[in-house]
Amino acid sequence: MTSSAQQQAPAAAPHHTRRSMFTGALALAAGAALPSFAAGRAFASDAAAAPAIASCATWGARPSSEPVVVLANRPQRIIVHHTATANVTDYSQQRAFALARAIQTYHMDAQGWIDTGQHFTVSRGAFVMEGRHSSLAELRGGARQVRAAHCVGQNTVSIGIENEGTYTSEEPPAAQYAALADLCAYVCTQYRLPATAIYGHRDFNATSCPGDRLYALLPVLRRDVAERLGAGAAGSGTVPEPEPVPEPEPVRDPIRDLLDQAASDPLAALPEYLPPHLLP
Ligand SMILES: [Zn+2]
C-alpha cells in the first residue's frame with residue numbers, strides 16, 4: 001500500500017531533458033529486446049546479480065502525467081509493502097503486467113498522482129516490474145533516485161517495493177519471496193546499502209502494511225539479502241544508520257489526512273485495496 005506526499009518539490013535534479021528521455025527509451029528498448037529481459041550483467045563477487053526487471057515499456061505503462069522528478073541523491077533504505085490485493089494463484093506474466101497497469105491506473109486516476117507510486121512491484125508469480133518511470137534506469141545508474149509516492153516522509157530517501165498480495169495472515173509464495181530478496185540485494189548493491197537498511201511501511205506510517213506475516217519475515221529477508229551480498233557486505237550492524245532527510249510538509253496530503261482520520265477513528269477504513277474492477 002502506498003501513500004504520497006508529492007506536492008512539494010525539494011532539492012531536485014533538473015527534469016529529464018527530451019534528449020535524455022529519448023536516450024533512456026533507447027536503452028530500455030535495447031534491454032527489452034534481450035531474451036526474456038533477463039540479460040543480467042557482470043558483477044564483482046560480493047555484489048548481487050541484476051535480476052530480470054520488466055520496464056514500464058515492457059508491461060505497457062501509460063506516460064506519467066508530468067515528468068517524474070529525479071533526485072540527485074541515493075536512497076538510504078528500502079521500504080517493503082504489500083498491495084493488499086487478493087492472494088491469487090494466477091502466477092502468469094500476463095497477470096503481473098495487468099497488476100502493474102491496474103496499480104498505475106489507481107494511483108493516477110483515483111489518487112491523482114503523476115505516475116505509479118512505488119519504484120518496483122513483485123508479483124505473486126515472482127515477476128519484478130518497474131513502477132514509477134525512470135526507477136529502473138536510475139537503479140542501474142546507482143547514483144540517483146526517482147521521487148516516489150509510497151510512504152509519507154520517505155519518498156525522497158527510500159526505494160519502495162510493492163509485493164502483490166495480502167500478508168496479514170499468510171506468507172508470500174516462496175518464489176515471490178525469493179524474487180523480493182534478489183531485488184533487494186540488487187538495490188543494495190547498486191546504491192551501496194547494507195542489508196540492514198530494509199524496513200516495512202509500518203515502520204514509518206500508521207498502516208498494517210506490509211501485513212503481519214511479511215513484516216515478521218523482514219529479519220529473515222535482511223539475513224537472506226546479506227547472504228546474497230556476500231560476507232563483505234553482510235550488514236552486521238557495523239554500518240551506521242544514516243540520518244533521514246526530513247521531507248518538507250506537503251501543502252496537502254490526502255493520504256496523511258486519511259491516516260489521521262483512521263487514528264482518531266479506528267473503525268475508519270483505509271484505502272488499502274485496489275478497486276476490484278481494475279484487476280483482471
Ligand atoms: Zn505500504
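Which residues of helix 7 are buried?

What we have here is a predicted model, in which local features need pLDDT of at least 70 and side-chain atom pairs count only at pLDDT 80 or more, while totals for chains, interfaces and linings use all residues. Residues are numbered from 1 along each chain as its sequence is written.

The protein chain contains eight helices and seven strands; helices (H or I, at least four residues) and strands (E, at least two) are DSSP runs, numbered from the N terminus. Of its 280 residues, 47% are buried. A residue counts as buried if 20 or more other C-beta atoms lie within 10 Å of its own, as exposed if 12 or fewer do, and as partly exposed in between, with C-beta atoms placed from the backbone.

Regarding confidence, pLDDT is the predictor's confidence in each residue, from 0 to 100. The average over the protein chain is 79, and 66% of the residues score at least 70. Over residues 233-240 the pLDDT is below 50, and this stretch has twelve contacts in the model beyond near neighbours in sequence. Two residues are in contact if their C-beta atoms, placed from the backbone, lie within 7 Å. Residues 265-273 also stay under 50. Where pLDDT is low, the predicted coordinates should not be read in detail.

I now return to helix 7. Its buried residues are L221, R222, V225, A226, R228 and L229. Seen down the axis of helix 7, they fall within an arc of 160° (taken from the directions from the helix axis to the C-beta atoms), so they line one face of the helix. Those buried residues pack against helix 5 (174-191) and strand 7 (198-200). On the other side of helix 7, P219 and V220 are exposed. Just after the helix, G230 has a positive phi of about 95°.

One of these residues, V225, leads us to the core. A nonpolar core is a set of buried Ala, Val, Leu, Ile, Met, Phe, Trp, Tyr and Cys residues joined through C-beta atoms within 7 Å. The largest has 52 residues, and V128, L183, C184, V187, C188 and V225 have the most contacts inside it. Helix 5 supplies the largest share of this core, ten residues. Apart from it lies another core of nine residues, including V69, W113, V146 and A148.

What does V128 contact beyond its neighbours within four places in sequence? Its partners are P51, A52, I53, A54, F120, V122, A179 and L183.

F120 takes us to the strands, as it stands opposite I161 in strand 6. Strand 3 (residues 120-122) runs parallel to strand 6 and is joined to it by three bridges. Strand 2 (residues 77-82) also pairs with strand 6 in the parallel sense, over six bridges; strands pair if DSSP finds at least two bridges between them. Within that pairing, R77 has S158 as its bridge partner.

Why is strand 6 described as largely enclosed by the rest of the structure? Six of its six residues, 158-163, are buried. S158, G160 and E162 point one way, and I159, I161 and N163 the other.

Lastly, G211 lies in the loop between strand 7 and helix 6 (212-216). It is buried, with 27 other C-beta atoms within 10 Å. G211 and Y167 are 44 residues apart in sequence, yet 4.5 Å apart in space, C-alpha to C-alpha.
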